[in-house]
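Please have a look at it first, and then we will go from the overall layout to a few residues.

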Amino acid sequence: MVAALSSLVEEGALTLPDGVPAEVTVERPRQKGHGDYATNVALQAGQEGRDQPARAR
């Protein structure tokens with residue numbers, strides 16, 4: 001996940017003013033209807049970019 005984020009930043013497809021998070025948590029959601037995996041990367045990107053997660057692009 002971190003490598004994918006790094007590639008997006010290098011390509012210019014993603015801007016993270018404070019850089020790519022050093023660690024990203026990936027886990028299985030409690031409810032199967034919520035998908036196979038869940039991650040906190042949107043919250044981290046929003047926090048590092050000083051923006052709300054929905055606006056972090």
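From the N terminus on, the elements of this chain run α-β-β-α, which comes to two helices and two strands; helices (H or I, at least four residues) and strands (E, at least two) are DSSP runs, numbered from the N terminus. Please keep in mind that this is a predicted model, in which local features need pLDDT of at least 70 and side-chain atom pairs count only at pLDDT 80 or more, while totals for chains, interfaces and linings use all residues. Residues are numbered from 1 along each chain as its sequence is written, and side-chain values use heavy atoms, with hydrogens and water left out.

Of the 57 residues of the chain, 18% count as buried, where buried means under 20% relative accessible area, exposed over 50%, and partly exposed in between, with a 1.4 Å probe and protein chains only. The accessible surface of the chain comes to about 4,600 Å², and 48% of that belongs to carbon and sulfur atoms; these areas come from the Shrake-Rupley method with a 1.4 Å probe, and for residues only the protein chains shown count as cover.

Let us now turn to Thr 39, which lies in strand E2 and is partly exposed, with a relative accessible area of 37%. What is Thr 39 in contact with, leaving aside its neighbours within four places in sequence? The partners are Met 1, Val 24, Thr 25 and Val 26, where contact means heavy atoms within 4.5 Å. For Val 24, which is 15 residues from Thr 39 along the chain, the C-alpha atoms of the two are separated by 7.1 Å. A polar atom of the Thr 39 side chain also lies 2.9 Å from the backbone oxygen of Thr 25, and the side chain of Thr 39 reaches the backbone nitrogen of Val 41 at 3.3 Å.

Val 24 comes up again with Ala 42, a residue of helix H2 (residues 41-48): the two are 18 residues apart in sequence and 9.8 Å apart in space, C-alpha to C-alpha. Ala 42 is partly exposed, with a relative accessible area of 41%.

Finally, we come to two loop residues. Tyr 37 sits in the loop between strand E1 (26-27) and strand E2 (38-39), and it counts as exposed because its relative accessibility is 54%. Pro 17, in the loop between helix H1 (2-11) and E1, is exposed as well, with a relative accessible area of 62%.

Methods
A polar contact is a pair of N or O atoms within 3.5 Å; within protein, one must be able to donate a hydrogen and the other to accept it, and residues adjacent in sequence count only if both atoms are side-chain atoms.
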